[in-house]
Amino acid sequence: MVQNSGKTKENTMEVDQGNQSHIHTVKFYNLPPRGISCMAYNANKKCLALSRVDSSVELWDISGTPFMERTIFGAPNASIEALVWIGDSLFSAGLSGEIVQWNLRLLEPQQSLLVTGTSIWSMDVHESTLAAGTEEGYLNICHFEDFLVYERAFDKQEGRILCCKFSQSGEFLATGSVDTVRVWNVKSGHAIHRMSLSRIEQKKEIIVWDLQYLPGDIVASADSAGRITFWDAKLGSQSECYQALKADALCMA
């Protein structure tokens, strides 16, 4: 017997086969919707990992017709705010401040690593280097070979780091927070540019929800005012800005 919180709809129908009548009862299960917190795609494995609001992680095979291959069930009161792949290894992070590597065969944690700055809001990967942005404004750098090793933290910034993205070369890293986009030199750990977003209402903060680091040293940001803004990462200046949505622009690809 399977217990669930979904609603069951029962239909009864009568089928006449010659002189005999058979009564069939059919029950339809309405799957309750659950929000998605974050996703990460592994192009080599053709596997999409996504986290639900209950901190469970689903692994979807999309090599053909998409289907859910496996599920890692979430722990009570846990949260997953970011997912990344390094090769065939899956990592998650959340409000506990831990980066967790998952054993995808046993569907359980394989390694966990605490970082500086409590809750983790964002992660990104370049080759075997992982960056994690935290609630207290620390950008943590880790390196992965057979297991994840903590290397260092960049200079502390004001406010939480909600998104981060490596440049294609891996030499620079862009971060987004409240009212601000920063560009960091990965080797030195210092911010080389701090670019401010203009507020529409003076007392209403602009939240940078997502970033993309494009070829040609261009950083694109999506914010809570519904704008997509392009920044020159070499000069630290705004190039273009478009009002894309009337509501928050939450993500880009």
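In this predicted model, the span of residues 130-199 is 56% strand and 0% helix, and its end C-alpha atoms are 32 Å apart. An unreviewed UniProt entry annotates residues 130-199 as "domain: Anaphase-promoting complex subunit 4-like WD40".

Strand 9 (residues 98-103) has pairing partners in strand 8 (residues 89-93) and in strand 10 (residues 108-114).

The hairpin of strand 8 and strand 9 has 4 residues between the strands, and glycine 97 in its turn has a positive phi of about 80°. The hairpin of strand 9 and strand 10 likewise has 4 residues between the strands; there leucine 107 takes a positive phi near 60°.

A further group of strands forms an open sheet of 4 strands, in the order 19-20-21-22, with antiparallel pairing. Strand 19 (208-214) and strand 22 (237-243) each have a single partner strand, so one side of each is left without a neighbour in the sheet. On average, neighbouring strands of this sheet are turned by 20° against each other, direction ignored.

| Strand | Partner strand | Bridges |
|---|---|---|
| Strand 8 (residues 89-93) | Strand 9 | 4 bridges |
| Strand 9 | Strand 10 (residues 108-114) | 6 bridges |
| Strand 20 (residues 218-223) | Strand 21 (residues 227-232) | 5 bridges |

Note on methods
Residues numbered from 1 in each chain as written. Predicted model: local features only at pLDDT ≥ 70, side-chain atom pairs only at ≥ 80, totals over all residues. Heavy atoms only, no water. UniProt positions renumbered as here; feature names shortened; annotations may be inferred. Helix = DSSP H or I, 4+ residues; strand = E, 2+ residues; numbered from the N terminus. Pairing = 2+ DSSP bridges. Axes fitted to C-alpha atoms, helices over the stretch in contact; angles between N-to-C directions.
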